[in-house]
Structures are given as C-alpha cells and as structure tokens.
Amino acid sequence: MLNVLFKLVFLCLSLAVLVPVSANNLTKTQTDTLLQQLSDQDVRSFDAFLSQVSSLNPDLGAITGVYRSGQVMAAQQQAELFRLLGIYTRVRYAAEAQQVLAELVAIPTFLDDSVAQYDNPAFHQIAARLEALAVEFGLSFRNVDNRIYEITLPGAPADNTELVALHAHADVVPANAADWVLDDGTQLDPFTLTEIDGRLHGRGAEDNKNGILAVMYAMRVIAQEQLPLQRTLRLLVDTTEETTGEAMPYYLERNPLPDFNIALDGGYPVIIAEKGYGTLLARLLDFLYESGHVVYMKDNHLVDAILYAVSNFGLDYTGRQLGIGFTDDFMGPLTASLTYVKVDNTGMELITNLRVPKGRDIGELKQEILDRLAEWSAMSNLPLDLELDIAEPMFRNPEGQWIQTLLDVATENLALPREFMSSDGATSIHDLPNGVQFGLAMPGIKYTGHTDNEFKTVEQFQLDLQIVTEMLARIGTLEAM
Ligand SMILES: [Zn+2]
C-alpha cells in the first residue's frame with residue numbers, strides 16, 4: 001500500500017518542487033516531545049507509526065491523513081513526512097543498530113604492520129558482517145578487492161544515472177587498552193562497546209563505524225518503504241582512511257566517479273570547505289661533528305631548533321612571523337604549528353603542520369615559504385634541508401537544491417544556525433565532485449575520535465540515524481539536485 005501512495009507522492013513532485021519549502025516542519029523541541037511520547041510504545045512499521053503519531057499529536061494527523069489519502073502533497077508536506085520517516089527509523093531501529101555497532105567495534109580493524117590492509121583477516125571479517133547486514137536490509141553489496149565495500153540502493157528511473165555516494169570508513173586508529181581508564185578509575189576495553197552515563201565508549205564508536213550504520217539503516221527504511229528514488233544511493237566504506245588512503249584512489253580508477261559525495265566523517269551541519277593540509281619538514285644540517293673517530297652532536301642543537309621555531313613560526317600559529325599569514329573571511333586563518341621534533345644520532349627533524357584556507361595560489365605560497373626559510377638559513381648560518389607539501393584547499397560554492405536540503409535537514413534537527421561551515425581537517429571527499437561533510441560530529445562539542453575512551457553519546461547516535469534517514473529520503477527523491 002505504501003508503494004502506491006509513494007507513487008502518488010512522486011507524481012506531484014514536479015509541481016511540488018516549484019513551491020518554496022517553508023521552515024515550519026517539526027522543530028527539535030516538537031521532535032523531542034514526540035520521542036518522549038513514543039518512548040513506551042512498540043513500533044512495528046511506518047504505517048503503524050503514523051497511526052500512533054496522529055493519535056498522540058492531532059496536529060500531525062493532518063499530514064498523515066493527506067499521505068494516506070493519496071492527495072497531492074506539497075513540498076512542505078513531503079518534507080514533514082520525511083522528518084517523520086527519520087523519527088520512525090530512530091524509534092524502530094536504534095536499539096538494534098546499537099547492538100550491531102557493538103559487533104563492528106569488536107572487530108579490531110586497525111593497521112597491522114605485517115600485512116596489507118586488504119589481506120588483514122579483521123577486514124575480511126567486517127566485510128562479511130556488512131555483507132550479511134546488507135542482504136538482510138535488501139541492499140546490494142559489492143566487495144571491491146577488499147579495498148572499498150559498496151552498499152547500493154538503486155534509483156528507479158533507468159534514464160537517470162546520477163550517483164550519490166555516502167562516505168564512511170571501517171578502519172580505526174589503534175588503541176592502547178591500558179590507557180582507556182575513566183576519571184573514576186573504570187577500566188575500559190577499547191574493543192567492547194560500553195555504555196556508561198549515556199556514552200557509548202569504544203574504538204570506532206565515533207570514528208567512524210557509527211557512520212556506516214547511520215547510512216545502512218537509512219537505506220534499509222527507504223528500501224522498505226519503496227520511496228520513489230530519482231538517483232542511486234551508494235555507501236562507500238573505506239578501509240584505509242586512517243592510514244595510507246590508498247583504497248579510494250584504487251576504487252575510483254576502476255569504478256564510476258560519483259556525481260555527489262557526502263562524507264559522514266566530519267562535522268555538522270554542512271561543511272563546504274576544508275583547508276589545504278600541508279607539512280613542512282626541516283632537517284637541521286651541520287648537526288654532527290666528528291672528533292677522532294667518534295661522532296658527537298653539537299651541544300647547541302636544541303638552541304638551533306628553538307631558534308628555528310621561534311624565528312620562523314613564533315607562538316601565534318598563524319604564519320605571521322614568517323610573513324605568510326593570511327585569513328579568508330569564511331575559512332579563517334592559515335595556521336602553522338610546529339608539531340614534531342625528532343632528535344637522534346642521525347640528525348634533527350622539525351615538522352610544521354600547515355592548514356591553508358582559500359585565497360592564495362598554493363604554488364606561489366610554497367615558493368614564498370621556501371624562499372623566506374632559505375633567507376633565514378643564510379642569515380643565521382644554519383643550513384637547512386626542506387621538504388614542503390601543501391594540498392589545495394577545498395571550497396564548494398553552495399549551489400543547487402540538494403545542498404540547501406542538506407542544510408535544512410541538519411540545522412532544523414539540530415537547532416543550529418542556518419549557515420554553511422568550514423573545517424580545518426580534510427576528509428576523503430576533499431578532491432571529489434560536489435563533495436561536502438554532513439556530520440556526524442556536532443560543532444562546538446569535543447570530538448573524541450583518535451583519543452583514549454573514544455565515545456559517541458547514545459542521544460547523538462540515535463539522532464544521526466534519524467537525520468541521515470531524512471536527508472537520504474529527501475535528496476534521493478528530489479526532482480533535480
Ligand atoms: Zn574518520
């Protein structure tokens with residue numbers, strides 16, 4: 001029955017798209033009230049859920065009535081219906097998804113130096129689990145040479161080949177179990193998902209096994225309800241995001257380039273710019289001297305290192321000292337911070353981490369940095385060997401219905417200002433067409449990926465299921481992106 005109704009909904013989409021979507025969808029407060037009211041109810045299907053919702057909240061009965069009657073739905077009503085679909089996903093599947101998250105966290109998918117990631121049995125295990133899940137959810141699964149796992153929900157019209165990729169990753173950074181201790185002394189196991197005080201602790205709970213599940217459950221519900229998809233939705237699960245980054249280029253050489261690329265491994269609401277990541281490696285030469293047959297370090301090597309750091313980078317981290325500082329109004333300042341000093345008997349190395357906003361030619365900037373440091377080196381009589389690499393910053397001019405829809409969905413559900421944002425960190429969509437970050441971390445809240453005791457709150461984990469479902473339902477069914 002739902003299938004038929006959605007077909008009717010679909011028929012009116014071309015009309016509906018002309019109607020501006022007003023912002024009077026369910027607010028976060030209304031959603032929270034509804035969730036509270038539903039907390040003791042057993043929800044079995046979307047159809048039953050809509051009945052429950054309309055008896056709890058007569059205001060929402062109207063949308064349910066329109067939907068059931070098969071009347072033409074305005075864009076606003078459609079948006080409201082998909083908000084309810086997101087809430088349904090959360091109410092129906094959150095507990096189950098949390099159990100599956102525990103299973104995925106238990107699979108130790110960190111780098112084993114002795115074996116290539118694609119030959120590592122832990123990855124074969126997680127691929128098998130995701131495949132079983134995809135089959136259960138009515139989605140197609142394809143393991144691309146153990147590099148990328150594809151989970152696909154095909155779009156209906158044969159003449160539309162548009163492909164929307166959602167990006168998440170199954171690999172994690174290592175965890176030292178001894179360091180996973182809470183303030184009260186509770187010892188945690190990084191690979192056992194542990195719920196304490198509303199937090200789900202475990203390696204990968206935030207970065208980024210949660211992202212895989214948010215997309216898979218959203219696709220499951222969209223498949224179940226047979227939404228009239230206008231384009232294909234595809235989850236790409238990366239296996240080398242935390243290490244070599246080789247899996248995605250390998251995949252893209254052999255597979256179609258997705259037209260739209262949404263990473264769920266960054267921040268909310270919608271991040272349209274990522275700074276260009278750079279590293280400057282400086283090797284201080286003239287570091288050793290020989291006396292007799294013994295090689296010694298110069299006594300003043302640390303003084304040299306301090307001199308290099310203070311003279312060129314100072315303590316403001318914005319590159320002003322070196323004369324390369326600049327700020328982009330939207331993306332913020334260039335930052336340059338000395339993050340690594342290594343001294344051993346072969347020499348001394350200093351690494352400065354650069355994050356560069358848009359606004360300058362990267363080639364010119366690199367040359368300028370090298371020239372200034374060469375000047376300094378000559379003036380201070382301290383020979384330097386320099387290696388500098390800076391990636392282009394990413395900036396997407398936000399255009400099109402799809403990106404406005406992403407912004408609506410995220411900011412309305414999270415009660416955030418309706419503004420696009422910029423990030424200091426790069427994700428796997430940095431160089432891909434129409435690439436943006438859409439969650440799953442809240443701005444202003446400490447991100448715990450890569451740290452001891454990594455956690456995702458239960459509330460945010462559930463909210464992500466809801467938001468990602470609504471987002472995919474909406475952009476999947478848009479008449480035009
Ligand atoms: Zn990540």
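Reply: Of the 481 residues in the protein, 41% are buried (20 or more other C-beta atoms, placed from the backbone, within 10 Å of a residue's own). The model is predicted: local features need pLDDT of at least 70, side-chain atom pairs count only at pLDDT 80 or more, and totals for chains, interfaces and linings use all residues. Residue numbers run from 1 along each chain as its sequence is written.

The C-alpha trace spans about 95 × 45 × 45 Å along its principal axes. The protein has 13 helices and 22 strands, taken as DSSP runs of at least four residues (H or I) and at least two (E), numbered from the N terminus. Among contacts (C-beta atoms, placed from the backbone, within 7 Å) between residues at least 6 apart in sequence, 77% join residues at least 24 apart.

The sheet in question is open, with three strands in the order E4-E5-E22 and antiparallel pairing; pairing requires at least two DSSP bridges between two strands. Strands E4 (194-196) and E22 (455-457) stand at the edges with a single partner strand each, so one side of each lacks a neighbour in the sheet. Direction ignored, neighbouring strands are turned by 25 degrees against each other on average. Strand E5 (residues 199-201) is joined to the antiparallel E22 by three bridges, and histidine 201 stands opposite phenylalanine 455 in E22.

Helix H13 (residues 458-477) packs on this sheet and touches E4, E5 and E22. The direction of H13 makes about 70 degrees with that of E22; such angles run from 0 to 180 degrees between N-to-C directions of lines fitted to C-alpha atoms, for helices over the stretch in contact.

Definitions and conventions:
A residue is buried if 20 or more other C-beta atoms lie within 10 Å of its own, exposed if 12 or fewer, and partly exposed in between; C-beta atoms are placed from the backbone. Two residues are in contact if their C-beta atoms, placed from the backbone, lie within 7 Å.
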